[in-house]
Amino acid sequence: MVEVVTAGHVNWDVTLRVDALPNPDGEARIDSQRRSGGGSAANVAVALAGMAFDAGLVGSVGDDETGEFARRELQDAGVDCSHLLEVADSETTTKYLIVDEDGEVMVLGNEGANEAVTPADVDPEYVASGDHLHLTSQRPDTAAELARIATDAGLSVSFDPGRRLDERDFDEALAYSDVLFLNDREARTLLDSDLEHPSSELHGRVVVIKQGEDGAQVDTPEASFEHPGFDAEAVDTTGAGDAFAAGFLAVLLRGGGVLGPDTDYERALEFANACGALAAMEEGARTAPAFGEAEAFLDEQYSGGV
């Protein structure tokens, strides 16, 4: 039995650090390269496992060597992979992450196997066995089925739809979601231009808007909170948003649940910003801190430490 089920993309990342992102018809020098697991659902699962949650993953990889590498990394991190589908005669989705000296990222990728999970592949008993479901980008019909099963079973649901939000019809999954993670651009797809008045689809939900180095804000039906973030030297922003989401959920789940009159969203926002900052200070997509590490970082920040 798992506490948190994450569902969505499982990738294999090839990270190339360059002196600068190239212009069209330009060239950049590769300073280093590394290969490791990635994908938002996998990243959040690993982050939550590192914060001492029992995390399980619903996703898919190919039956190739990189798929085996990705599965092994997840298992070594303590993630339950019993519902990680292996797709025959298919390549694991590979993302090429081009990272410049300021930590900014450009992404190239193939479709691969990471959207092979269909609604028919979802195991209702596995999803219902958890306390919370976290969705990331995936097939809209699968996201909707997962969210429906979780809601019917009494689980809370969070959703981080990602950069393809404006290309996909996630209305049904959004209707079941209790907490929604967006960046500024994604927020403008679903919210009014001033980001103050939720659209009808989001009315009554908790909306967390990630603003990068400018921090984040959370809007609930009762109140709104902002946090300016932390002054951290970004090395690689890959996965920082996933670390942020994991940190936000970790505080709420440790506090007794994602929804409720006593839920401390302000504390969750502060902790999430700490997790995002710490992740951005290291290379790779799987750099979310342990719970104690993030708490120590916050203690240093507020005690005048570096």
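This briefing describes selected residues and helices of one structure, grouped by topic.

The structure is a predicted model, in which local features need pLDDT of at least 70 and side-chain atom pairs count only at pLDDT 80 or more, while totals for chains, interfaces and linings use all residues. Residues are numbered from 1 along each chain as its sequence is written, and side-chain values use heavy atoms, with hydrogens and water left out. Helices (H or I, at least four residues) and strands (E, at least two) are DSSP runs, numbered from the N terminus.

- Apart from neighbours within four places in sequence, glutamate 115 is in contact with His9, Ser60, Ser137, Gln138, Arg139, Arg164 and Arg168, where contact means heavy atoms within 4.5 Å.
- Glutamine 138 belongs to the loop between β8 (132-136) and α4 (140-152), and its C-alpha atom is 5.8 Å from that of glutamate 115, although the two are 23 residues apart in sequence.
- Glutamine 138 counts as buried at 6% relative accessibility, and its side chain reaches the backbone oxygen of alanine 7 at 3.0 Å.
- A polar atom of the side chain of glutamine 138 also lies 2.9 Å from the backbone oxygen of threonine 136.
- With neighbours within four places in sequence left aside, the contacts of glutamine 138 include Ala7, Gly8, His9, Glu115 and Phe170.

- The 13 residues of α4 should span 18 Å at 1.5 Å a residue, and the end C-alpha atoms are 18 Å apart, which agrees; the expected span is 1.5 Å times one less than the number of residues.
- Thr142, Ala143, Ala144, Leu146, Ala147, Ile149 and Ala150 are buried in α4, and what covers these buried residues includes β1 (4-7), α3, β8, β9 (156-160) and α5 (171-176).
- Glycine 154, which follows α4, has a positive phi near 90 degrees.
- Histidine 132, in strand β8, is buried with a relative accessible area of 0%, and its side chain makes a polar contact with the side chain of serine 156 at 2.6 Å.
- Not counting residues up to four places away in sequence, histidine 132 touches residues including Glu3, Val4, Val5, Leu249, Leu253 and Val258.

**Helices α7 and α8**

- Two packed helices are described by the angle between their axes and the distance between the axes.
- α7 and α8 pack at an angle of about 150 degrees with their axes 7 Å apart, the axes being lines fitted to C-alpha atoms, for helices over the stretch in contact, and the angles running from 0 to 180 degrees between N-to-C directions.
- Among the residues of α7 that meet α8 are Ala240, Phe244, Phe248 and Leu252, and among those of α8 that meet α7 are Tyr265, Leu269, Phe271 and Ala280.
- Phenylalanine 248 lies in helix α7 and counts as buried at 0% relative accessibility.
- Leaving aside neighbours within four places in sequence, phenylalanine 248 is in contact with Val179, Phe181, Val208, Val218, Tyr265, Ala268, Leu269 and Ala272.

**Helix α9**

- The twelve residues of helix α9 (residues 291-302) should span 16 Å at 1.5 Å a residue, and its end C-alpha atoms are 17 Å apart, which agrees.
- Phe291, Ala294, Phe297 and Leu298 are buried in α9, and they lie on the same side of α9 because they cover an arc of only 125 degrees around the axis, the arc being that of the directions from the helix axis to the C-beta atoms.
- The buried residues of α9 are covered by elements including α1 (40-50), α7 (240-254) and α8 (265-280).
- Leucine 298, at 3% relative accessibility, counts as buried, and its contacts, with neighbours within four places in sequence left aside, are Phe230, Arg267, Glu270, Phe271 and Ala274.
- Leucine 298 and glutamate 270 are 28 residues apart in sequence and 8.5 Å apart in space, C-alpha to C-alpha.

Note on methods: Buried < 20%, exposed > 50% of the residue type's maximum accessible area, 1.4 Å probe, protein only. Polar contact = N/O pair within 3.5 Å; in protein donor to acceptor, adjacent residues only side chain to side chain.
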